[in-house]
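Hi everyone, thanks for making time this morning. I'd like to walk you through one model, so let me put it on the screen first.

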Amino acid sequence: MDRPNRPMALATTPGLPPQPQVNFSHANSRVTAVLPTRDSVEILLYGATVISWKDRFGTEKLWLSDAAKLDGSKAVRGGIPLVFPVFGTAPDHAATSKLAQHGFARNSRWEFLGKSSSESAGLSDTSVKLDFGLSSNTLEDSVKSQWPYPFSIIYSVTLTPESLSTSIVITNDGNEPIDFQVLMHTYLRVDDISKIQVTGLEDSEYIDKVDAAKTKSQSGAVTITGETDRVYTPAKGPSHAVVVAEEGETVFTVVRDNLKDVVVWNPWTEKAAGMGDFEPKDGFKNMICIEAGSVNGWVTLDPSDAFEGAQTISD
């Protein structure tokens, strides 16, 4: 017998789309995120250093020295170390003259602030963003004495199936302006440095740190045939892509946001041999640093103001 008020069958609940997975490892010293597509990124809380970026096939995109210290005893050789508030050393710049090379951000333990993700029915649209924090309140006293300025930083690492983005927001929490430099010291993995060409820097001025810091102008594509350490200020601005190609095929595209400079670095034979944490010694054949930053001159940040900069690397 039909019952006029019989309950209707519940509509089938569609399954939720696969979610990005975020995990801690190595005694909570590392954070790993894996997309449903199997793309992955791994970040060391020491320095908030990205130490691995793999595509869905498990192919590593970043170069990491076999001898890199991952225990917090020194800055990491490889991946994406974060340089702040000084690039190199600046003995003639009073505010940063006491700081060690490349500052303290890469040598400090950062706090993991959390994750956010965008999911959709299409796996190709899935992404995950990991946020990390560092502030003057959490610095060691020895560092505060060298750079006694109140600040806070949020550093975000965003992984999609097509790209890796790193972005930084630096806030001046003090009552006086601060000067700083910032750079994302990205080590890209390549198959053969002798076959690499870098475009997007044509007609740009650069400082050649291997040749007495002379100012030169780039003509044509950049190729690596010896020790290379150049600070470019690309003529076409941050939004114009810097492209790394191997035998004519694009392997990386780097687009910057509000980071006016690009450092191109490869240590080559002698410099690599002299670095104790650079292994294998011929590893320079398989890496090139394309480093987005603001390091030619100083960024001045007024009280309560914030600086934002970012890079997106596509493979």
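**Loops, sheets and cores**

Let's start with histidine 26, which counts as partly exposed because its relative accessibility is 47%. For the cut-offs, buried means under 20% relative accessible area, exposed means over 50%, and partly exposed is in between, with a 1.4 Å probe and protein chains only.

Before I go on, a word on where this comes from. This is a predicted model, so local features need pLDDT of at least 70 and side-chain atom pairs count only at pLDDT 80 or more, while totals for chains, interfaces and linings use all residues. Residues are numbered from 1 along each chain as its sequence is written, and side-chain values use heavy atoms, with hydrogens and water left out.

Back to histidine 26: you'll find it in the loop between β1 (21-25) and β2 (30-34). Strands here are DSSP runs of E with at least two residues, helices are runs of H or I with at least four, and both are numbered from the N terminus. The phi of histidine 26 is positive, near 50°, and the residue is not a glycine. Arginine 38 also has a positive phi, about 85°, without being a glycine. It sits in the loop between β2 and β3 (40-44), and because its relative accessibility is 64%, arginine 38 counts as exposed. Why point these out? Most residues other than glycine have a negative phi, and most peptide bonds are trans.

Phenylalanine 84 and proline 85 are joined by a cis bond, with omega about 0°, and proline 85 lies in the loop between β5 (82-83) and β6. Another cis bond links glutamate 279 to proline 280, with omega about -10°; this proline is in the loop between α2 (268-273) and β19 (287-301).

Keep phenylalanine 84 in mind, and let's ask: which residues have the most contacts inside the largest nonpolar core? They are Phe84, Ile288 and Ile290, in a core of 63 residues. By nonpolar core I mean a set of buried Ala, Val, Leu, Ile, Met, Phe, Trp, Tyr and Cys residues joined through side-chain atoms within 4.5 Å. Leaving aside neighbours within four places in sequence, phenylalanine 84 is in contact (heavy atoms within 4.5 Å) with residues including Trp147, Phe151, Ile153 and Phe180. There is a second, separate core of 15 residues, and Tyr187, Val263, Met287 and Cys289 are among them.

Now the sheets. Eight strands form an open sheet in the order β6-β7-β8-β9-β20-β17-β16-β12, with antiparallel pairing; two strands pair if DSSP finds at least two bridges between them. At the edges, β6 (111-118) and β12 (196-199) each have a single partner strand, so one side of each is left without a neighbour in the sheet. Inside that order, β16 (residues 242-246) and β17 (residues 249-257) pair antiparallel over five bridges, and valine 242 has valine 254 in β17 as its bridge partner.

Last stop, β13 (residues 205-208). Its covered face holds Tyr206 and Asp208, and its uncovered face Glu205 and Ile207. In a regular strand the side chains alternate between the two faces of the sheet. Four antiparallel bridges join β13 to β14 (residues 214-217), with aspartate 208 partnered by lysine 214. The two form a hairpin with five residues between them, and alanine 212 in the turn has a positive phi of about 55°. β13 also pairs antiparallel with β15 (residues 228-233) over four bridges, where isoleucine 207 partners valine 231.
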